Amino acid sequence: MSSPKIGVYGFTGCAGDQLMILNCENQLVDLFGATEIRSFSMAKSDNHEGELDVAFVEGSISTEEQLEHLKDIRKRAKMLIAIGTCACWGGPQAMKLEEGGFEKRYKGVYGNAKITVSKAFEAQPVDAFVRVELKIPGCPIDKSEFLGAVSKLVAKRHPYLYRFPVCAECKWKENPCILWEGKFCAGPLTKAGCGAVCPSHNMPCVGCWGPTDDLNVGAEYNLLKEKGYGPDEIVQKMKKFGGAGVAKLVKEIKPTAKEKEANK
Amino acid sequence: MKTLEVVPLARVEGDGGITVTLDGKKVKKVTLDVHEGPRLIEQLVRGMKPEDDVNVVPRICAICTLSHKYAALRGLEKALAIDPPEKAQLTRDLMMLGENVESNSLHTYLLALPDFLGYPSAIAMLNDYGDDVKRALRLKKFANHVMEVTSGRIVHGENPGLGGFGKYPSKKQLSEIALRARELVPDAVRAVELFASFEYPEYPEVDTNFMSVNAPNKRFGLAGDTILISKGKETDAEDYRKLTSERVVPHSFAKRSDYKDKSFAVGSNARLINMGERIEGRAGDLFKEHFSDRWLKNPLFNNLAQAIEMTWALEQMPEATEKIAALEDPKRTEATRDTGSGTGAVEAPRGVLYHHYEVKDGLIEVADIITPTAQNLDDVEVHMKACAERMLADGRGDDELLPALEMIARAYDPCISCATHLVTLKRL
């Protein structure tokens, strides 16, 4: 069996998912052996841009230059896998997607100065622009979930990813429920895979893996409202990492006029 | 007119490049370009509660994640008048030591060393320098473990919070860290020996200024409330704007900083230049043995400084863990006010990182983050330009020039994601 040709690319984000690949210390040498890493510019300088079996793409897309590069990768790759919450959902930089105000925020940072390196726009996930075969979320991705997916791909099988929320992992660990204590916990909304790491440290889930499959936004919203959280704060906290994924879902929530008033 | 380009600049974190503009034999301009897209994080955290900000801002950078977390905590705790318990302080010190070893081992052995030995990557070095690659991976793995035990996760851990930690490391975890840190000191010393054995070309040498956070109690350390300047007066971190006058340039989404209209450098070399005399133990001996005046003008020595600092960080761990283990787990300290302002300054692996916050009625009004790479960008260009001019005058070809410039840029260990997210508010 010939080893799959792989490319690893990074766009707007923290490079944490590429770093997690480099953090697979014990398996790194095997990984470079079982695959043919054609391009991985964070790790090496002899990169070849040709046909790929799998392109792993980290980060959201926020400049014209990146968009062109992404389209070129898509053309050359048989399979494109989004890795990390920024590539999958847009990440923190997409938390205000569909709320407007990007121009104002941009000016708030750069003023009226002219930047010619490329034209910038509000960050969006990779699948807003090109077809994506698989999303491996995480902030950052989990080593074992990533390596599990790569092993399956090397064996020409389809990778399996968790399809349930963080709450399930929290129950396995028999953690006391943080939400039950009245603290804001994004566990019910968030895709599992991290091992419920924050609740296991007595800290609430911050939602950094983005929305889980089939989530019930309305139920979480009502529960948090009962615990005394205001509608705006709930939506703001839910959108912190979920960006594009949550932006669609929060439209289902319509605070009543009375609630809006109370929130002020 | 002729232009030479290095795009992308490999073996650095983030998307950057170098552009050299030549007019005949004259170097018109050398720029380090930042292609990484903007994220506007400081604008996005406006209106958030401080507890939410400390989840979001570490995402600026995966390599300096804990430095961002700690700088934000320091800034916000000042703003909210929170005095964290001693055990929290000590555990934060330990997590910073972990991040320092993680980043310095990655940069020295895996990202910079291939340049000095003439390989395209550390993976390509496996056959000839397999033991050194394994040393790097051992150090990195251990440092990641220290970060995981203290912060909850290797990258973007949420265990450190305002006023303390969600959960403290167990005595068993702490004693294992102490034991392993002692075992790994020789791996760090080997990096010092390697980087001390190389010839450093004189081409990039230009006198510069160095800034670093002044650690308290006349010790070497990674956080403090004042800033040391090698050619200037010690300054309160709250006056960070005077030290980092910012501007926007066309070739970059990262802003630039200068001090009194001149470039300056931050990072391991700056820390050792300003505080190296305070280091004890093996690392202290290594500093005394290898420090020279050339460090003050040649950025390539930052690699050597990182190796010495990594030795220091490992040597600190046994004492640090012992102190933590001796204390009972305290509750997190609550905020005593909901309006105020504060600046947190810490030493990220690549230099001083500032987080400034203004909080009103429990919500963030202003966030201003100035990253080390943004502070270094001017200095990188000054040294690259000097190097290019001298090499061309010496009749060196493009094939020698471009790798030399890459090595200079890489020596600063640039974190381009960080620099990009670096953004400030214009206050009228």
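Guide: A residue is buried if 20 or more other C-beta atoms, placed from the backbone, lie within 10 Å of its own; with 12 or fewer it is exposed, and in between partly exposed. This is a predicted model: local features need pLDDT of at least 70, side-chain atom pairs count only at pLDDT 80 or more, and totals for chains, interfaces and linings use all residues. Residues are numbered from 1 along each chain as its sequence is written, with chains lettered from A and ligands numbered from 1 in the order in which they are written.

Visitor: Why is Val346(B) called buried?

Guide: Val346(B) has 29 other C-beta atoms within 10 Å, so it is buried. The residue sits in strand E12 (residues 340-348) of chain B; strands are DSSP runs of E, at least two residues, and helices are runs of H or I, at least four, both numbered from the N terminus.

Visitor: What does Val346(B) touch, not counting residues up to four places away in sequence?

Guide: Val346(B) touches Ser67(B), Tyr70(B), Ala71(B), Arg74(B), Val213(B), Leu222(B), Ala223(B) and Leu353(B). Contact requires C-beta atoms within 7 Å. The C-alpha atoms of Val346(B) and Ser212(B) are 8.8 Å apart, although 134 residues separate the two along the chain.

Visitor: Why is chain B as compact as a globular protein of its length?

Guide: First, its make-up: chain B has 13 helices and 14 strands. Its radius of gyration is 21 Å, close to the 22 Å of the globule rule for 428 residues, so chain B is as compact as a globular protein of that length. The radius is taken over C-alpha atoms; the rule is 2.2 Å times the number of residues to the power 0.38. Of the 428 residues of chain B, 61% count as buried. The C-alpha trace spans about 65 × 55 × 35 Å along its principal axes.

Visitor: What makes H5(B) and H6(B) roughly antiparallel?

Guide: The axes of H5(B) and helix H6 (residues 171-197) of chain B cross at roughly 150° and come within 10 Å. Angles over 145 degrees count as roughly antiparallel, under 35 as roughly parallel, 65 to 115 as roughly perpendicular, and the rest as oblique. H5(B) and H6(B) are therefore roughly antiparallel. Among the residues making the contact are Leu139(B) and Phe142(B) of H5(B), and Ile177(B) and Leu184(B) of H6(B).

Visitor: How many residues of chain B are in contact with chain A?

Guide: In chain B, 52 residues are in contact with 53 residues of chain A. Elements giving two or more residues to that side of chain B are strand E3 (26-34), helix H1 (41-44), helix H2 (50-56) and helix H5 (126-151).

Definitions and conventions:
Two residues are in contact if their C-beta atoms, placed from the backbone, lie within 7 Å. Axes are lines fitted to C-alpha atoms, for helices over the stretch in contact, and angles run from 0 to 180 degrees between N-to-C directions.
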